[in-house]
Amino acid sequence: MDILIEHNPSSIKLSELGVMSWPKWSCQPGRYALVFEERETCYLVKGKVKVYPKGSSEFVEFGAGDLVTIPKGLSCTWEVSLFIDKHYKFDPPT
């Protein structure tokens, strides 16, 4: 299960995706256990996070300005080092 990261996507791409109309979510620094029931695409406006897939010591790191796709079914721990402010959308259930 790969987390896909596009660093600094163009404003044209963000506009085409409608990112700024997506709901927003934010959280303070800390550790959060999360399960993604559907694929999520998110755009980080602020923040920095390391994501550790369940059962792994390896992590993926992303932050402000990144467009990220998180696969359906991923269980992970988010280690948030800087306050997160993101726009997100889930794929419709299949």
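Biologist: How much accessible surface does the protein have, and what share of it belongs to carbon and sulfur atoms?

Modeller: The accessible surface is about 5,600 Å², and 53% of it belongs to carbon and sulfur atoms. Accessible areas here come from the Shrake-Rupley method with a 1.4 Å probe, and for residues only the protein chains shown count as cover. Before we go on: this is a predicted model, where local features need pLDDT of at least 70, side-chain atom pairs count only at pLDDT 80 or more, and totals for chains, interfaces and linings use all residues. Residues are numbered from 1 along each chain as its sequence is written, and side-chain values use heavy atoms, with hydrogens and water left out.

Biologist: What share of the residues is buried?

Modeller: Buried residues make up 36% of the 94. Buried means under 20% relative accessible area, exposed over 50%, and partly exposed in between (1.4 Å probe, protein chains only).

Biologist: Let's pick a strand. Is β3 largely buried or in the open?

Modeller: Strand β3, residues 30-35, lies largely in the open, because the number of buried residues among its six is zero.

Biologist: Which strand does β3 pair with?

Modeller: Strand β7, residues 75-90, in the antiparallel sense over six bridges. For two strands to pair, DSSP has to find at least two bridges between them. Valine 35 stands opposite serine 75 of β7.

Biologist: What about side chains: which residue does arginine 31 form a salt bridge with?

Modeller: Glutamate 79, with the closest N and O atoms 2.6 Å apart. Arginine 31 is in β3 and glutamate 79 in β7, so the pair ties together parts that are 48 residues apart in sequence. Arginine 31 is exposed at 56% relative accessible area, while glutamate 79 is partly exposed at 27%.

Biologist: How many salt bridges are there by that rule?

Modeller: Seven. The rule asks for a side-chain nitrogen of Lys or Arg within 4 Å of a carboxyl oxygen of Asp or Glu. In another of these, lysine 86 meets glutamate 40, and the closest N and O atoms are 2.5 Å apart. That one links lysine 86 in β7 to glutamate 40 in strand β4 (residues 40-53), 46 residues apart.

Biologist: Are lysine 86 and glutamate 40 buried or exposed?

Modeller: Buried: lysine 86 has 3% relative accessibility, and glutamate 40 has 3% as well.

Biologist: Which residue does lysine 48 meet in a salt bridge?

Modeller: Glutamate 61, at 3.7 Å from N to O. Here lysine 48 sits in β4 and glutamate 61 in strand β5 (residues 60-63), 13 residues apart. Lysine 48 is partly exposed at 36%, and glutamate 61 is partly exposed at 35%.

Biologist: Switching topic: how many disulfides turn up?

Modeller: Zero, from a search of the whole structure. A disulfide would be a pair of cysteine sulfur atoms within 2.5 Å. For cysteine 42, the nearest cysteine sulfur is that of cysteine 76, 11 Å away. Cysteine 42 is buried at 0% relative accessible area, and cysteine 76 is buried too, at 4%.

Biologist: What is valine 80 in contact with?

Modeller: Leaving aside neighbours within four places in sequence, valine 80 is in contact with Cys27, Gln28, Pro29, Gly30, Tyr32, Lys48 and Val49. Contact means heavy atoms within 4.5 Å. Across the protein, 80% of the contacts between residues at least 6 apart in sequence join residues at least 24 apart.

How values were computed: Helix = DSSP H or I, 4+ residues; strand = E, 2+ residues; numbered from the N terminus.
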